[in-house]
Amino acid sequence: MRLEQLEYVRAVGEHGSLRRAGEHLHVSLPALSEAVTKLERELGVTLLDRHRSGTRINATGRELLPRILEVLDSVDRLRSAARGESQFHRPVRVGSVYFGVTAIVLPAMRSHEVDHQHTSVDLRQLRHEEVNDGLRDGSLDIGLISLLPGDDVHPELVATELVHGRPVAVLPGGAPLARQERVSVDDLRQEVFVGARAGYLMHRVAQRVFGDSPPLTWHTADSADVCKQMVSSGIGVSLMPDFALHDDPLEANGTLAFRPIQDEETVIRMVMLRRRSARPTPSARALFDLLAHHAGLHVNAPA
């Protein structure tokens, strides 16, 4: 018996059919079917009903599914114990792609510190794929990522939306464009652009905004902080989600200006992820709730 076989049965139960489970797991139907068939032979029971119209979990499979989830959850706890982590005193491990950290994550961490004085938070800046992998292998408790319309969440993960917003132009405080109430995409095309490297969400956002006519000069960086520093130095302009710039000190001192983009309707969602089958520690559950709470305060804050 292999863990992946149990993962496959769980996916069929969650997604309703073998085909949909294969699509979400990115596993071919023959490989998925063969793995489950071998598990059925080992257990001596049939877990799936196979028909021409599709293959679905049967009554026996549904009856055993809670036990399968218990096994997968126990594996998560075993991995934590092998790393020497106490269920109650190990750090709450958070992987974030950065956006929203200042406005939401840091206030939640301050509140968490008051209520859980002996539990620390391990905040890691990671790429989207690294957050997904960390949650799935148990090395992260909470993930924070940004999504565009049409983006899917991995079937092993559960997403809770915290905030959503739109991309805005990030400009040097003294630039002529900063004197306008809003800027156009054509305005930005005429400037040197500072954007995220390929593979990051904001690179995809910039591609949506500029379409087939990008700026002639396009610098790249891996960090939103570096992008802002480059813009504040007068190197160029950039794009960032509006919710990531709330109460930004560089805007307060006039170094940067943030302006809405005319006719730009791209929606960016910041979501909080957890593993579907994981049993969170009390401190991880508390931080999860605090993040949702502070996201609500952020959304309802006066403009």
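A: A salt bridge is a side-chain nitrogen of Lys or Arg within 4 Å of a carboxyl oxygen of Asp or Glu. The model here is predicted, so local features need pLDDT of at least 70 and side-chain atom pairs count only at pLDDT 80 or more, while totals for chains, interfaces and linings use all residues. Residues are numbered from 1 along each chain as its sequence is written, and side-chain values use heavy atoms, with hydrogens and water left out.

Q: How many salt bridges does that rule give?

A: The count is 17. One of them joins R2 and E4, whose closest N and O atoms are 2.7 Å apart.

Q: Where do E34 and K38 lie?

A: Helices (H or I, at least four residues) and strands (E, at least two) are DSSP runs, numbered from the N terminus. E34 and K38 are both in helix α3, 4 residues apart, which is about one turn of the helix. They form a salt bridge in which the closest N and O atoms are 3.5 Å apart.

Q: Which parts of the chain does the bridge between D222 and R197 tie together?

A: The side chains of D222 and R197 meet at 2.6 Å, N to O. D222 is in the loop between β9 (218–221) and α9 (224–232), and R197 is in the loop between β8 and α8, so the bridge ties together parts 25 residues apart in sequence. Elsewhere, salt bridges with shared partners join E7, R10, R136, E156 and R275 into one network.

Q: How is a pair of aromatic rings described?

A: The description uses the distance of the centres and the angle of the planes. Rings of Phe, Tyr and Trp (its six-membered ring) pair if their centres lie within 6.5 Å; planes under 30 degrees apart count as stacked, over 60 as edge-to-face and the rest as tilted. This structure has 3 aromatic pairs by that rule. In one, F193 and F210 have ring centres 5.2 Å apart and planes at 80°, so the pair is edge-to-face. F193 is in strand β8 (residues 193–196) and F210 in helix α8 (residues 201–210), so the pair links distant parts of the chain, 17 residues apart. F210 also pairs edge-to-face with W218, at 5.9 Å centre to centre and 70° between the planes. F193, F210 and W218 form one aromatic cluster.

Q: Which residues have the most contacts inside the largest nonpolar core?

A: A nonpolar core is a set of buried Ala, Val, Leu, Ile, Met, Phe, Trp, Tyr and Cys residues joined through side-chain atoms within 4.5 Å. The largest core has 41 residues, and those with the most contacts inside it are I142, L171, L188, F210, L239 and L291. A second, separate core of 18 residues includes Y8, L18, V36 and L72.

Q: What touches I142?

A: Contact means heavy atoms within 4.5 Å. Leaving aside neighbours within four places in sequence, the contacts of I142 include V92, L135, M272, F288 and L291.

Technical notes: Buried < 20%, exposed > 50% of the residue type's maximum accessible area, 1.4 Å probe, protein only.
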